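Hi,

I am passing a structure on to you, and my notes on it follow below. Have a look at the model first, then read on.

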Amino acid sequence: MVEFLTHNLAPVMFVALVFFLLMGYPVAFALAANGFLFGFIGIELGLLTPALFQALPERVFGIMRNDTLLAIPFFTFMGLILERSGMAEDLLDTIGQLFGPLRGGLAYAVIFVGALLAATTGVVAASVISMGLISLPIMLRYGYDRRLASGVIAASGTLAQIIPPSLVLIVMADQLGRSVGDMYAGAMVPGLVLASMYAGYVFLVTMIKPAAAPALPPEARPLRGAKLAYRVLVSLVPPLVLIFLVLGTIFIGVATPTEGGAMGATGAIILALIKRKMTWSLTRQAMDSTTKLSAFVIFILIGSTVFGLTFRAVDGDLWVEHLLTGLPGGEIGFLIVVNIMVFLLAFFLDFFELAFIVVPLLGPVAEKLGIDLIWFGVLLGVNMQTSFMHPPFGFALFYLRSVAPAADYIDKITGKLIPKVTTGQIYWGAVPFVCIQIIMVALVIIFPQMVYVGLDRGVKVDPSKVEIVIPSSDPADEEGEAAEEATDPNQAFGGQPQEQQSGETEDEESEEEEKAD
């Protein structure tokens, strides 16, 4: 047994972590406990030294000093303030009026507003709960298919996962050692393409089964003409200005992601003050939720640091590298296996847990295979988006279940009895959108230009070909070089200034004149 542990401590450590996670232990404590447990086992076996854990305090303080992670509380606070100040309600009502005459118009409005909320809040829970509370009753009132309605709301809310300013992209950039701004720029086009694919699915449903997504009747669309145009202008301009304030300044290089998050939080407070919704209760709720989420992220990061310290000390990174680089198919085989593994792990782990546990193991292998880590991070972000939609553990499905009607009720507008939305309908409604997300993963692999189009690559420099020439400071060497230059017959054309050459010619002529005299 001792000999087995000595030669296989890394895989046993990884299997133990999976076991603790499947048993339902908190992720942060499961990571830290595994790190300490196998660290002590490694010390007893003579594989490690007690000095290993002396590096741990400095690593924890390094996490606390990481300025990039400050963007997480800023963007979370911004999203919660906007969600509770009524911006989502105004957007959904206005865009619903605009798309109302179309079949599936409310579904298109939910997707459009979901993309806008993703670009302003970056918080999946806020987007799903807001749209579930506001748009789901309207969809049910006018006869939308329950599976389509619930699937569109849950999927549109998860756009906050991939469209900047996504929290998971911040964590991904930090774990891969890349710029958050580059990660945001690379994820923008895939996020918009994914939203367009959602809209394309709704269009197909309306063509095949028109009764599943009817148009709004005229009495449900009181705004028309100039009033509708004014309402669209008033509702769209503030979030668009906020999007430019947050993302535009990051993309053009004026602000860092942390500074952009701070400006976004300030802009959200200003919008809430303008709408007279900024109360002490609202502020306290937003601060409480922001503190809980930030503490959750930091504790998982500390736990993963403890686990990673021991795992690398027992050569776990080399074990993972040999395991993945030895796959058949090279780079393509690696990508296929990694995406299947992340897709399956997403059934049990949320995106933060995947980003802190799996990404640090996969990043070095991907870099060794020559894969661009920005593209790799965006690819994993699209894949991990399915973690919100997987039945039965998808968090977006849980959020929607919490606000969807669990019993039959009487509609206040029409007075009709509206049947409840069952959990099975929510789960089956999510399945087509999970398939769309899988198709999107394949498209990012086939067309990597979707990621690179937003990046300014500039001039690439190969570090292995960089030469640094240090001039000699030895006076003897300098005199020798000067003597060589003086005796070089070609030096007149190689490097001497023209003034010096002409000066030497004039001196020779003056000497000849003196001899003649």
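A word on terms before the residues: a residue is called buried under 20% relative accessible area, exposed over 50%, and partly exposed in between (1.4 Å probe, protein chains only). This is a predicted model, in which local features need pLDDT of at least 70 and side-chain atom pairs count only at pLDDT 80 or more, while totals for chains, interfaces and linings use all residues. Residues are numbered from 1 along each chain as its sequence is written, and side-chain values use heavy atoms, with hydrogens and water left out.

Let me begin with the charged pairs. Taking a salt bridge as a side-chain nitrogen of Lys or Arg within 4 Å of a carboxyl oxygen of Asp or Glu, the count is two. One joins Glu58 to Arg65, with 2.8 Å between the closest N and O atoms. Arg65 counts as exposed because its relative accessibility is 52%, whereas Glu58, at 49%, counts as partly exposed.

The other salt bridge pairs Glu367 with Arg178, at 3.3 Å from N to O. This pair links distant parts of the chain, 189 residues apart: Glu367 sits in helix 17 (residues 359-368), and Arg178 in the loop between helix 9 (167-176) and helix 10 (180-208). Helices (H or I, at least four residues) and strands (E, at least two) are DSSP runs here, numbered from the N terminus. Both partners are partly exposed, Glu367 at 46% and Arg178 at 34%.

Next, the interior. A nonpolar core here is a set of buried Ala, Val, Leu, Ile, Met, Phe, Trp, Tyr and Cys residues joined through side-chain atoms within 4.5 Å. The largest one has 158 residues, and Phe334, Phe376 and Met384 have the most contacts inside it. Helix 6 (residues 105-120) gives this core its largest share, twelve residues. In general, nonpolar side chains tend to be buried together in soluble globular proteins.

With contact meaning heavy atoms within 4.5 Å, and neighbours within four places in sequence left aside, Phe376 touches Phe334, Leu335, Val338, Leu362, Gly363, Ala366 and Ile371. Asn383 belongs to helix 18 (residues 373-384) and is buried, at 3% relative accessibility.

Helix 6 has 15 of its 16 residues buried, so it is largely enclosed by the rest of the structure. The expected span of a helix is 1.5 Å times one less than its number of residues; for helix 6 that gives 22 Å, which agrees with the 22 Å between its end C-alpha atoms.

Helix 8 (residues 146-157) reaches 17 Å from first C-alpha to last, close to the expected 16 Å. Helix 8 is mostly covered, with eleven of its twelve residues buried, among them Arg146, Ser150 and Ser156. Its buried residues pack against helix 6, helix 7 (124-141), helix 10, helix 19, strand 2 (417-418) and helix 20 (423-446).

Happy to talk any of this through once you have had a look.

Best wishes
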